[in-house]
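Welcome! Take a moment to look it over before reading on.

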Amino acid sequence: IELFKKNLNLIFLSNFVPLREIFLIPLEKYLVPLTSNITWFTLKLIGINANMTKNIIFFEKRGISIEDGCSGADQIIFGISLLMIFYILFPIKKRINFYILITLTIISSFLENCMRLSFLAYINSYEGIYSDKLFDFFHNSFGSLIFTSLTFFIVSKSYFEIIKREIRDV
């Protein structure tokens, strides 16, 4: 029975990929308008004159279109998956701490994605070959991993701070 319990966790983890597909499409549809508005608002906050129509943020000559893949849903699912792996490997005793971590993971993953889009929009607001190459690097290439790494760091650090607090309180 103990062997089955250990394998049950592996079965649960292996279902993250199919579950991702179930949650991704509805989550993206809900998040695209919110992501677009927060990205536009962030640009305005830092003093960049941007306009927005639906999910398109534009400047004088260029802009970005925030589509389903840009919604942050993948980033949120990545963060929650990471959180669940940590929870299976290092269970948290207090349920309230787990709920705090879920909330923090969702919010930080979403806001990190909005920062990423604001950064990409800022790069794309300039014309020229360098801005195009920078945009491609941070959007499609290894530069995009910087943002995923940021989510990984925030979730990991938060989780282990909660674990340390629970151990200290015992």
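In which helix does Ser144 lie? Ser144 belongs to helix α6, which covers residues 144-169. Keep in mind as you explore that this is a predicted model. The points below begin with the whole chain, move to the sheet, and then visit a few single residues.

**The chain as a whole**

- If you trace the C-alpha atoms, the chain spans about 65 × 35 × 30 Å along its principal axes.
- The chain has 170 residues, and 36% of them count as buried.
- Take the contacts between residues at least 6 apart in sequence: 69% of these join residues at least 24 apart.

**Surface and charge**

- The chain has an accessible surface of about 10,800 Å².
- Carbon and sulfur atoms account for 69% of that surface.
- There are 17 positive and 14 negative side chains in the chain.
- The centres of these two sets of charges lie 8 Å apart.

**The sheet**

- The three strands form an open sheet in the order β1-β2-β3, with antiparallel pairing.
- β1 (51-53) and β3 (63-65) are the edge strands, and each has a single partner strand, so one side of each has no neighbour in the sheet.
- On average, neighbouring strands of this sheet are turned by 15° against each other, direction ignored.
- Strand β2 (residues 56-58) is joined to β3 by three bridges, and the two run antiparallel.
- For a pair to find on screen, look for Ile57, which stands opposite Ile64 in β3.

**A loop residue: Lys54**

- Lys54 sits in the loop between β1 and β2.
- Is Lys54 buried or exposed? Its relative accessible area is 75%, and exposed means over 50%, so Lys54 counts as exposed.
- The phi angle of Lys54 is near 55°, which is a positive value in a residue other than glycine.

- Ser144 has a relative accessible area of 18%. Buried means under 20%, so Ser144 counts as buried.
- Which residues does Ser144 touch, not counting those up to four places away in sequence? They are Phe137, Phe138 and His139.
- Ile163 is also found in helix α6.
- With a relative accessible area of 15%, Ile163 is buried.
- Leaving aside neighbours within four places in sequence, Ile163 is in contact with Phe90, Pro91 and Ile92.
- Ile163 and Ile106 are 57 residues apart in sequence, and their C-alpha atoms are 19 Å apart in space.

**Two residues of helix α2**

- Leu34 lies in helix α2, which covers residues 16-45.
- Leu34 counts as partly exposed, at 35% relative accessibility.
- How far apart are the C-alpha atoms of Leu34 and Asn55? They are separated by 9.2 Å, and the two residues are 21 apart along the chain.
- Glu21 is found in helix α2.
- At 43% relative accessibility, Glu21 counts as partly exposed.
- Glu21 and Asp74 are 53 residues apart in sequence, while their C-alpha atoms are 9.9 Å apart in space.

Notes. Residues are numbered from 1 along each chain as its sequence is written. This is a predicted model: local features need pLDDT of at least 70, side-chain atom pairs count only at pLDDT 80 or more; totals for chains, interfaces and linings use all residues. Side-chain values use heavy atoms; hydrogens and water are left out. Buried means under 20% relative accessible area, exposed over 50%, partly exposed in between (1.4 Å probe, protein chains only). Contact means heavy atoms within 4.5 Å. Accessible areas come from the Shrake-Rupley method with a 1.4 Å probe; for residues, only the protein chains shown count as cover. Lys and Arg count as positive and Asp and Glu as negative; His and the chain ends are not counted. The place of a charge is taken as NZ of Lys, CZ of Arg, CG of Asp or CD of Glu. Two strands pair if DSSP finds at least two bridges between them. Helices (H or I, at least four residues) and strands (E, at least two) are DSSP runs, numbered from the N terminus. Axes are lines fitted to C-alpha atoms, for helices over the stretch in contact, and angles run from 0 to 180 degrees between N-to-C directions.
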